[in-house]
Amino acid sequence: MPEQPQPFDDGRAINHTGAGGGTDLAMDEGETLEKTPGGPQGTGPDNKPRSLWSDAWHDLRRNPIFIVSGLIIVFLVVIAIWPQLIASGNPLDCDLSKAQEGSQPGHPFGFNGQGCDVYTRTVYGARASVQVGVFATLGVTLLGSVLGGLAGFYGGAWDGFLSRITDVFFAIPVVLGGLVLLSVVSANSVWPVIGFMVLLGWPQISRIARGSVITVKQNDYVQAARALGASNSRMLLRHISPNALAPVIVVATIALGTYIALEATLSFLGVGLKPPTVSWGIDISSAAAYVRNAPHMLLWPSGALAITVLAFIMLGDAVRDALDPKLR
């Protein structure tokens with residue numbers, strides 16, 4: 001009969017080998033777990049379960065779409081803050097004698113209809129577009145999250161009232177609303193455009209936040225906190241908000257690229273940003289009349305706009321994939 005494993009004094013079994021030696025099974029399994037880099041799937045280096053955010057970051061770092069879009073966005077932010085790093089000229093310096101001319105040494109993108117350097121204006125145009133996109137997204141996310149979160153948490157009359165207000169704003173076409181509201185504004189800054197986007201953009205985030213809060217507040221740990229006497233503010237700030245933010249962040253990331261495209265659309269229609277502000281939408285609008293004779297005037301600012309919007313949409317898709325547990 002095969003020899004039975006003999007116990008140690010501490011209860012561990014030794015499995016005898018054919019050579020007469022023994023292997024400590026319990027010790028061997030423990031050493032295997034310790035030597036596994038990063039521990040089992042879903043755990044950190046110390047074998048502790050990762051949180052949703054650390055697990056998402058773990059996946060994002062290995063997602064090539066996130067890396068490529070992130071690098072593009074970092075580059076856009078850098079040139080939006082310091083455009084002089086790659087463009088030494090002044091976007092408002094124009095020479096009519098060079099109007100509509102093509103690429104020349106020192107002017108790789110040629111000149112527009114006013115004789116301004118298209119390369120310099122394309123680089124400086126990132127500042128207005130990124131500024132509008134970032135601040136509009138922050139405003140929309142903050143306002144929509146607060147209103148939607150409170151409606152989802154308290155419910156009742158407040159929820160019904162906010163839902164009806166949201167329906168009213170959803171019924172307003174965004175472009176038509178911009179044509180009406182911004183046509184009476186004569187300011188040459190980005191803030192009227194940002195305010196308009198926040199005014200019409202918060203209902204979408206509000207509905208996302210409301211649904212997320214309603215789902216999270218039904219979890220056992222929230223009910224346990226309520227049973228232990230936690231105040232409403234503590235439950236909202238410590239237990240509900242951190243676990244309800246993921247859908248809001250995903251929608252806000254994708255919406256940022258949409259707001260940049262909306263700014264360009266409104267500027268193209270003449271009600272968004274206005275000269276002397278340098279914007280891709282303004283340059284696209286001015287180049288539309290010369291598209292047959294000087295297509296380079298339209299190509300570069302529209303290409304920069306398309307790449308920027310695509311980068312933010314790709315980033316939003318990567319964040320969604322990382323934060324959505326159903327896709328794991």
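Which element supplies the largest share of the lining of the second largest pocket? Select helix α9, which contributes 6 residues there; helices here are DSSP runs (H or I, at least four residues), numbered from the N terminus. This is a predicted model, in which local features need pLDDT of at least 70, side-chain atom pairs count only at pLDDT 80 or more, and totals for chains, interfaces and linings use all residues. Residues are numbered from 1 along each chain as its sequence is written, and side-chain values use heavy atoms, with hydrogens and water left out.

Stay with the second largest pocket, which holds about 320 Å³ of space, and show Val 174, Leu 200, Gly 201, Gln 204 and Tyr 259, the closest to its centre of the 15 residues that line it. A pocket is an open set of points on a 1 Å grid over the protein atoms alone, where a 1.4 Å probe fits, with protein on both sides within 12 Å along at least five of seven lines; lining residues have an atom within 4 Å of a point.

Next, go to the largest pocket, with about 400 Å³ of space, and select Ser 145, Val 146, Gly 149, Ser 241 and Leu 245, the closest to its centre among 18 lining residues. Here too α9 gives the largest share of the lining, 9 residues.

Finally, select α9 (residues 232–268) with α10 (residues 280–287), whose axes come within 7 Å and cross at roughly 40°; axes are lines fitted to C-alpha atoms over the stretch in contact, and angles run from 0 to 180 degrees between N-to-C directions.

How values were computed
Helix = DSSP H or I, 4+ residues; strand = E, 2+ residues; numbered from the N terminus. Points joined across faces, edges and corners; volume = space filled by probe spheres on them.
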